[in-house]
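Subject: A structure for you to look at

Hi,

Here is the structure I promised to pass on. Please open it next to this message, and then read on for what turned up in it.

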Amino acid sequence: MPDFAPHTLTGYCDSVTALTYQALASSEFTAGSRFAWKVFDGTSDYWIGTGSGTDWVRLALFGLQALLTSYQVQASSSGTANRAPKNWTMQGSADGGMTWTTLDTQTNQTSWSTSETRTFTIGSPGSTYYTIFRLNISANNGDATYTEVGELYLIGTTQQVGLLDSAPHNMTANNVPSPFVASASSDDSGAFPAFKAFQGLLTDPWVGSNGGTDWLEIDLGTARRIAGYAVASWPTFGTRSPKNWTLQVSGDNATWTTVDTRTNQTGWMTAAGGGALSGEIRPFALTPSLTGGRYIRINVTANNGDATFTSVAQLYLYTLSAFQAAPGVSTAGMLLQVDNGSGTFYTVANTTDFKIPSMAELVDVSEFGDLWRRRVPTLLDMGKITFKIFWVMEDSSHNNSSAVGLRYLMLNLIKRTWRVVYPDGLGSIDSFPAYVTNFEITGATGKVFEGSIELSNSGSPTLV
């Protein structure tokens, strides 16, 4: 299995605007620039903790979750063997780092040589995927002050949490760029408006001023279903970070559905090295469903103690594609629409079900680069998709004579933009480019035919 930890970090995060990883530690020897992220930088440099032999270093995943099956610990290149870890637990968290599950325990790991790498297998990996992994060291090999780790490798299976981060991270005003619109219940004298939680900085946040009860909202411009999210704290004021909140979605900005609730999110950290990439970011993976909307709100009911202000530095929203509907969720009543080539969409069929490749339900992206992770997969990535449909020959959008007719598109090998409109009452839509590569009639009731349509990014038909 592949190593899903990064080994290219040059800071605590790989990127604030295209976030996948954040490294943090309980302490750091900042005077020597021995920061937490040095255990994921792929060089001979190393992290030094200053906790007198009891320290931890961790990696958080964003848009991903992982099932750990083994890991490797590398001693530092300093040659100081008594600073190598001796006793520790490897732990995973699925709730932003508030509770931890011990996956492996090691004791009496002594006699390390310079840059030595040791491999450890998780005895019972189970089936739980985690978003944060922590090497929690309870003793080193004798040094009274410092603990060192050269590199940490995490091996296992990964799952994507959604297919992309739908929140913007380049906003310059509450309504720029379009179609995004940020809003909030309040802000601190106009100096920290809502869009700052979507501008791509951790050091210049949104700040609400309602005494710890505030909400922050983003209009995405189109309905999406939330598979996970992440909240970034402002490193300057930990007491202003959210403690209790709900994440809510709405199709009309009036009626709200709660998709996640968090309580007692305390102890927000700062990265000791400071700079633009400091401050803790906590990931949360949700159970996928068809619940969604274009308006997403984090509704904070308590902060971490500040009497006036609540802050969020960045909000990340990981959304589902049509090809990641939750198992067992009914798709009956979906509309299948196609662009006529000029930007107007026509409903070509009502669809009662669709069958997707197994790859679309569980995608291991660990061997692909970040660019692949951030791109919404096309049908070329996912394979062919077959929809069960109802088809009316007398309808011009269904028959052979129309520019949007199913048979017309198949016989002429025309690639068009398609979209699925979901029956969730929220106007949820997913779109993708495809050819019609198979069209088949399987039965009829009066003038309404039952059949199936196959869409693919390849123009080669399965059946003509």
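Let me begin with a charged pair: the side chains of aspartate 45 and lysine 38 meet in a salt bridge, with 2.7 Å from N to O. Do keep in mind as you look that this is a predicted model. Both aspartate 45 and lysine 38 are buried. The pair also belongs to a network of salt bridges, in which Arg34 is linked with Lys38 and Asp45.

Two other salt bridges deserve a look. Aspartate 260 pairs with arginine 262, and their closest N and O atoms are 2.8 Å apart. Here again, aspartate 260 and arginine 262 are both buried. Glutamate 116 and arginine 118 form another salt bridge, with 2.8 Å between the closest N and O atoms. In this pair, arginine 118 counts as buried because its relative accessible area is 15%, under the 20% limit. Glutamate 116, at 23%, is partly exposed. The count of salt bridges comes to twelve.

Now for the nonpolar side. The largest nonpolar core has 39 residues, and those with the most contacts inside it are Leu68, Tyr71, Val73, Phe133, Leu135, Leu152 and Leu154. At least two residues of this core come from each of strand 1 (21-25), strand 3 (55-61), strand 4 (64-74), strand 5 (85-93), strand 8 (132-140) and strand 10 (151-160). Strand 4 gives the most, with five residues.

Leaving aside residues up to four places away in sequence, leucine 154 touches Pro2, Asp3, Phe4, Ala5, Leu59, Leu68, Ser70, Tyr71, Met90 and Phe133. There is also a second, separate core of 27 residues, which includes Ala182, Val231, Ile298 and Val300.

Finally, the chain as a whole. It has four helices and 26 strands. Of its 464 residues, 54% are buried. Among contacts with a separation of 6 or more, 71% are between residues 24 or more positions apart. The chain exposes about 17,600 Å², and carbon and sulfur atoms supply 49% of that area.

I hope you enjoy looking around, and do write back with your thoughts.

Best wishes

Methods
Residues are numbered from 1 along each chain as its sequence is written. This is a predicted model: local features need pLDDT of at least 70, side-chain atom pairs count only at pLDDT 80 or more; totals for chains, interfaces and linings use all residues. Side-chain values use heavy atoms; hydrogens and water are left out. A nonpolar core is a set of buried Ala, Val, Leu, Ile, Met, Phe, Trp, Tyr and Cys residues joined through side-chain atoms within 4.5 Å. Buried means under 20% relative accessible area, exposed over 50%, partly exposed in between (1.4 Å probe, protein chains only). Contact means heavy atoms within 4.5 Å. Accessible areas come from the Shrake-Rupley method with a 1.4 Å probe; for residues, only the protein chains shown count as cover. A salt bridge is a side-chain nitrogen of Lys or Arg within 4 Å of a carboxyl oxygen of Asp or Glu.
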